[in-house]
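Colleague: Please take me through the terms used for this model, and give the cut-off behind each one.

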Amino acid sequence: MNARERFHATMHYQPRDRCPIMDFGFWDETLVEWRRQGMPQDAHPDDFFGMDPQWIEAPIRVGMWPVFDTLVLEDMGETRVVRDCDGVTKLEDKRNLSIPRYLNHTLKDRDSWDREFRWRLNGQDPTRYTSEWPEFLRRALDPDRDYPIGIPAGSLYGWLRDWMGVEAISYLVHEDRELFEEMVATVAQCIMDAITPALEAGVQFEYASMWEDMCYRSGPLLSPKVFEEVLVPQYERITSLLKRYGVDVIVLDCDGDISLLVPLWLKAGVNTMFPIEVGVWGLDPIALRRQYGRQLLLIGGVSKLVLASDEDAIRREVERLSPLVEEGGYIPTPDHRVPPDVPLENYLFYITEAKRVWGKSLPNLRPTAEQRIPGAF
């Protein structure tokens, strides 16, 4: 069974040889630290760890296009002020680009929306298909293609929050509901217009991917009531389009405590939750399956805190999730990008256990001797 067949079988509760072995990704700082701990300098993580194919998606620009020019407005040595591709001005620490300080946003109101953003959301712009599209299409249409591919399906709240800022968009929802609804509908139409040519090209996509990141440790940034009234109908437009072309695995990437929004995403046709961030709120893929049954597909749910712990804790977590893995409709991965406090030795042990238990100990999945570091096993 190849990776494409395995992904499809897993997400449709069909017989398969084993579970896909995948990851979420790694912080840049993590890879720097792991190379200090013995990972070869030129090794790609997925090759080094022997993963299945990772998140291969069609090269389509489904969001704001063209983006804003990135400009360095001020350089202060170790820090700099940058206006980024979303039109957001931020203070960056050159040593750590992961968490900047946001200073200003171009999108503020009706005037800035009409002047700077609306025209960038023309989904029919042919330049949304990159120079990589013809070769991607050729490979995607190959009847012998052995890896799964996805189609990007955008974001209805997360992008707007990024463009405007959390505080400003939170006020907008209540102070100018009409503009908020217009923004969401415009983004949805842009996404649909952008992906329709790809769907009509005859490619069988194994999944679609959406991104929101609209929850934190205490729940969603938008009330479930407003979510249901404004976002659910627009999600339904997108998911209906996807399903007309046979794309029935629709993956939603959202961190934080998503508990209150899961039933609403399901109502809207978004059926796969990722990365199921465990956090202090204790989200658990087993509990989610118990609550929603097989209608809810799952990817993620392996606590990064466990990965930073010890071998016994890692072994217990792999075994604990094993029955859900066997049931199907679930691909276990770390619940976010792996942080630098996870030692390389721990992650290698996790991968070895995952391949032993979830991967059925297939020898072609084990790291080679050259990939191992001294004392790792």
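Modeller: R145 touches N2, R4, R139, A140, Q204 and E206, leaving aside residues up to four places away in sequence, where contact means heavy atoms within 4.5 Å. This is a predicted model, in which local features need pLDDT of at least 70 and side-chain atom pairs count only at pLDDT 80 or more, while totals for chains, interfaces and linings use all residues. Residues are numbered from 1 along each chain as its sequence is written, and side-chain values use heavy atoms, with hydrogens and water left out.

Colleague: Where does R145 lie?

Modeller: R145 is in the loop between helix 5 (133-140) and strand 5 (150-152). Helices (H or I, at least four residues) and strands (E, at least two) are DSSP runs, numbered from the N terminus.

Colleague: Why does R145 count as buried?

Modeller: Buried means under 20% relative accessible area, exposed over 50% and partly exposed in between, with a 1.4 Å probe and protein chains only. R145 has 4% relative accessibility, so R145 counts as buried.

Colleague: Which backbone oxygens lie at 3.1 Å and 3.0 Å from a polar atom of the R145 side chain?

Modeller: The backbone oxygen of A140 is the one at 3.1 Å, and the backbone oxygen of Q204 is the one at 3.0 Å. A polar contact is a pair of N or O atoms within 3.5 Å; within protein, one must be able to donate a hydrogen and the other to accept it, and residues adjacent in sequence count only if both atoms are side-chain atoms.

Colleague: What makes P59 buried?

Modeller: P59 has 12% relative accessibility and therefore counts as buried. P59 lies in the loop between helix 3 and strand 1 and touches R128, Y129, T130, E132, W133 and F136, again not counting residues up to four places away in sequence.

Colleague: How do you know whether W55 is buried, exposed or partly exposed?

Modeller: The relative accessible area of W55 is 25%, so W55 is partly exposed. W55 is in the loop between helix 3 and strand 1, and has a positive phi of about 40° although it is not a glycine. Y13, in the loop between helix 1 (3-11) and helix 2 (28-36), is not a glycine either and has a positive phi of about 55°.

Colleague: Which peptide bonds are cis?

Modeller: The bond from W65 to P66 is cis, with omega near 0°, and P66 lies in the loop between helix 3 (45-49) and strand 1 (71-75). Another cis bond joins F274 and P275, with omega about 5°; P275 is in the loop between strand 10 (272-274) and helix 11 (285-292).

Colleague: Why are helix 4 and helix 8 called roughly parallel?

Modeller: The axes of helix 4 (residues 110-117) and helix 8 (residues 177-200) come within 11 Å and cross at roughly 20°. Axes are lines fitted to C-alpha atoms, for helices over the stretch in contact, and angles run from 0 to 180 degrees between N-to-C directions. Angles under 35 degrees count as roughly parallel, over 145 as roughly antiparallel, 65 to 115 as roughly perpendicular and the rest as oblique. Helix 4 and helix 8 are therefore roughly parallel to each other. R110, W113 and D114 in helix 4 meet L179, E182, M183 and T186 in helix 8.

Colleague: What is the angle between helix 7 and helix 8, and what does that make the pair?

Modeller: The axes of helix 7 (residues 166-175) and helix 8 cross at roughly 115° and come within 5 Å. Helix 7 is therefore roughly perpendicular to helix 8. I169, L172, V173 and E175 in helix 7 meet R177, L179, F180 and M183 in helix 8.

Colleague: Why are helix 8 and helix 9 called roughly parallel?

Modeller: Helix 8 and helix 9 pack at an angle of about 10°, with their axes 10 Å apart, and are therefore roughly parallel to each other.

Colleague: What makes V226 buried?

Modeller: V226 has a relative accessible area of 7% and is therefore buried. V226 lies in helix 9 (residues 224-244) and touches V173, R177, F180 and L231, with residues up to four places away in sequence not counted. V226 and R177 are 49 residues apart in sequence and 9.7 Å apart in space, C-alpha to C-alpha.
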